[in-house]
Amino acid sequence: MAGDTSPATEVDERLAEAGGKSFRVLVTAGYFSPGWRAGGPVRSISDVLDTASAGVSTILLTRDRDLGSPAAYPGLSGTWVRRGRTDIFYLGARHPAHWRTLWRSLRSARFDLLYVNSVWSVFSILPIVAARLGLLRAERILVAPRGEFGAAALGLHRLRKRVFLAGWRWMLRGPRVLWHATGPQEVADIRRVLPRARIGVVAIAPGPEPHPAPVALPATDHTRLVFISRISPIKNLDLVLAALAHVRAPVRLDIYGPVEDPRYWQRCRELRAALPDPSVVNYLGELPPGQVGATFARYDASVLPTRGENFGNAIAESLAAYCPVVCSDRTPWTPVLRDGGGQVLTELTPAALGALLTRIATAPPEQRQAARLSAGEAYRRWRRSRPRISVLDQAWQAIDEPSHRVPPQGRSS
């Protein structure tokens, strides 16, 4: 961003030119584009910013590097960058000069909303503390837990999270703090942890654009399966590998994704080695976002028996590419899968998943092609039913009209 004018000042100038009412939002996220290893939240936050109305003015604060990367993004570290109508600051947390630049830009700014993505991230904790102490002037705080209050997510590092919440819970209470849930299940998850939480927005991401209807895949002597996700216990790749021992029909499984948990990945490698033919499983490394949809389109089905998702961007990407999904019943996608999008796994055991995979692998090619077409059409129907309104516009409405806030039992979007 050229010159000494701060983003907050430029926001003021743009609003004066527009001459209309505005809603000023400071968004914080641990990771953002051009990074992608943090998975779905990067895509979801992009959707939030891209779908905001012209009356919403946004500034985003994020790290200057991708998840697990020791190197900063070239040319972005410590700088303000314009993306669409959002000004983004890429912060190197260990660089005092970056903090000084950020403070000079934001110290005089007033925000209607501080929107933090995650409960545990330092990029949420520090801004909330600053807002509570009056160092950051934000009228309201909107917290998006991004599935972190789901039972499976809370089960990882359980003791550490319980200790943290015991000391942090009071900061997440009060009339200034609202919550963003992605559906009725996350409303229940939030209220299980914070019974008096005020749910300000219930909104799910719109999902990617659907691909054109596909032609039939080339004939092979095996069924093509794919797993595309972070390699983490919550994604349950070990269950997929254990299930393959129960599949007697010929299949091949390709795995894509960053290794988030090396110890867990070692367990997955051991399960692969124990298969009667380990060569049917291939790990093909990390997959840049721009290649995900085209990759899904090359397979008969994707497999993601996740332990819990508040949305599941990989599921949406697969369906958008006409790739049926074999998925657990612990996501918002169960109705879409039962509408033709794939298969719902209700019992997370190797035998149960193996039976579903066997059903797919023994189907004739024309039936697998029909399943692909059905998956894409189910996704199109779902996407047409979604409201095209940004989370930030919904938060603006909830703040301006308190009667529109979600009652204790929640509401569907």
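Visitor: Leaving aside neighbours within four places in sequence, which residues is Ile125 in contact with?
Guide: Keep in mind that we're looking at a predicted model. To find your way, go to helix 4, residues 122-133, where Ile125 lies. Skip the neighbours within four places in sequence, and the contacts of Ile125 are Val119, Trp120, Phe164 and Trp168.

Visitor: Is Ile125 buried or exposed?
Guide: The relative accessible area of Ile125 comes out at 18%. Buried means under 20%, so with its 18% Ile125 counts as buried.

Visitor: What separates the C-alpha atoms of Ile125 and Asp189?
Guide: Along the chain, these two residues are 64 residues apart.

Visitor: How is Trp36 classed, given its relative accessible area?
Guide: Trp36 has a relative accessible area of 22%. Buried would need under 20% and exposed over 50%, so Trp36 is partly exposed.

Visitor: How do helix 10 and helix 11 pack?
Guide: Helix 10 covers residues 289-296 and helix 11 covers residues 313-320, with their axes 7 Å apart. The angle is about 50 degrees. That angle makes helix 10 oblique to helix 11, and the crossing is right-handed.

Visitor: How many nonpolar, polar and charged residues are in that contact of helix 10 with helix 11?
Guide: From helix 10 come Val292, Gly293 and Phe296, and they meet Ala314, Glu317 and Ser318 in helix 11. Sorted by kind, the residues of this contact are 3 nonpolar, 2 polar and 1 charged.

Visitor: Which residues have the most contacts inside the largest nonpolar core?
Guide: In soluble globular proteins, nonpolar side chains tend to be buried together. Here the largest nonpolar core has 48 residues. Those with the most contacts inside it are Leu237, Leu253, Leu319, Trp333 and Leu353.

Visitor: How many residues does the other core have?
Guide: This other core lies apart from the largest one, and its residues include Trp80, Phe111, Leu114 and Ile141. Its size is 38 residues.

Note on methods: Residues numbered from 1 in each chain as written. Predicted model: local features only at pLDDT ≥ 70, side-chain atom pairs only at ≥ 80, totals over all residues. Heavy atoms only, no water. Core = buried A, V, L, I, M, F, W, Y, C linked by side-chain atoms within 4.5 Å. Buried < 20%, exposed > 50% of the residue type's maximum accessible area, 1.4 Å probe, protein only. Helix = DSSP H or I, 4+ residues; strand = E, 2+ residues; numbered from the N terminus. Contact = heavy atoms within 4.5 Å. Axes fitted to C-alpha atoms, helices over the stretch in contact; angles between N-to-C directions. Parallel < 35°, antiparallel > 145°, perpendicular 65-115°, else oblique. Left-handed = near helix turned anticlockwise from the far one by under 90°. Nonpolar A, V, L, I, M, F, W, Y, C, P; charged D, E, K, R; others polar.
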